[in-house]
Amino acid sequence: MSDLKVFQCPNCKQFINNLSSVCKYCSVELDQTMISGLVEGQERVDVAYNSASKLRILAGGMWGLFFLSFVPFIGYVVGWIFYVVVILIPVMLVVWYIRFGNIRTLDPEFKTARKYLFSAFFIWLIYPALLLTITLIFVALALISAKYK
Ligand SMILES: [Zn+2]
């Protein structure tokens with residue numbers, strides 16, 4: 001192994017690196033196969049964290065696009081980008097779950113990744129919930145006005 005990789009000791013859960021085959025915290029011995037497995041697992045957690053954090057930023061950006069879509073001239077184009085992002089976010093959430101949902105780790109980074117994912121989901125959810133509410137209000141108004149004609 002050429003470059004320094006950090007991972008969690010399977011015994012004491014402290015973060016150690018791949019340069020030594022003995023944990024410097026609890027002195028447990030680790031063989032190369034085990035180390036490369038742990039490094040790989042840690043890299044998956046890092047990727048999961050990064051994509052969850054990007055998704056949360058994207059969900060926030062979705063609302064930025066929503067408000068920008070009311071700006072004259074650029075609004076039309078921004079509106080289309082907004083709809084693409086609205087469709088993209090749930091797809092990306094599902095893809096994240098398929099790729100990383102099965103990770104079992106005590107790494108606090110992964111917990112944060114899940115938090116990011118949930119907040120991305122709820123930030124996104126406001127839009128379809130809003131649409132549904134508006135639709136229901138219009139349907140209710142239509143029904144009421146039809147009744148009193
Ligand atoms: Zn250890």
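Of the 149 residues of the protein, what percentage count as buried? The share is 13%, where a buried residue has 20 or more other C-beta atoms, placed from the backbone, within 10 Å of its own. The model is predicted, and local features need pLDDT of at least 70, side-chain atom pairs count only at pLDDT 80 or more, and totals for chains, interfaces and linings use all residues. Residues are numbered from 1 along each chain as its sequence is written.

The secondary structure consists of three helices and two strands, in the order β-β-α-α-α from the N terminus; helices (H or I, at least four residues) and strands (E, at least two) are DSSP runs, numbered from the N terminus. The radius of gyration, taken over C-alpha atoms, is 23 Å, well over the 15 Å that the globule rule gives for 149 residues, so the protein is more spread out than a compact globule. That rule is 2.2 Å times the number of residues to the power 0.38. Along the principal axes, the C-alpha atoms fill a box of roughly 85 × 35 × 20 Å.

Helix α1 (residues 32–68) packs with helix α3 (residues 108–147) at an angle of about 25 degrees, their axes being 8 Å apart. Axes are lines fitted to C-alpha atoms, for helices over the stretch in contact, and angles run from 0 to 180 degrees between N-to-C directions. The angle makes α1 roughly parallel to α3, a term for angles under 35 degrees. Residues of α1 including Val45, Ala48 and Tyr49 meet residues of α3 including Tyr116, Leu117 and Trp124, contact requiring C-beta atoms, placed from the backbone, within 7 Å.

Key: Angles under 35 degrees count as roughly parallel, over 145 as roughly antiparallel, 65 to 115 as roughly perpendicular and the rest as oblique. Two residues are in contact if their C-beta atoms, placed from the backbone, lie within 7 Å. A residue is buried if 20 or more other C-beta atoms lie within 10 Å of its own, exposed if 12 or fewer, and partly exposed in between; C-beta atoms are placed from the backbone.
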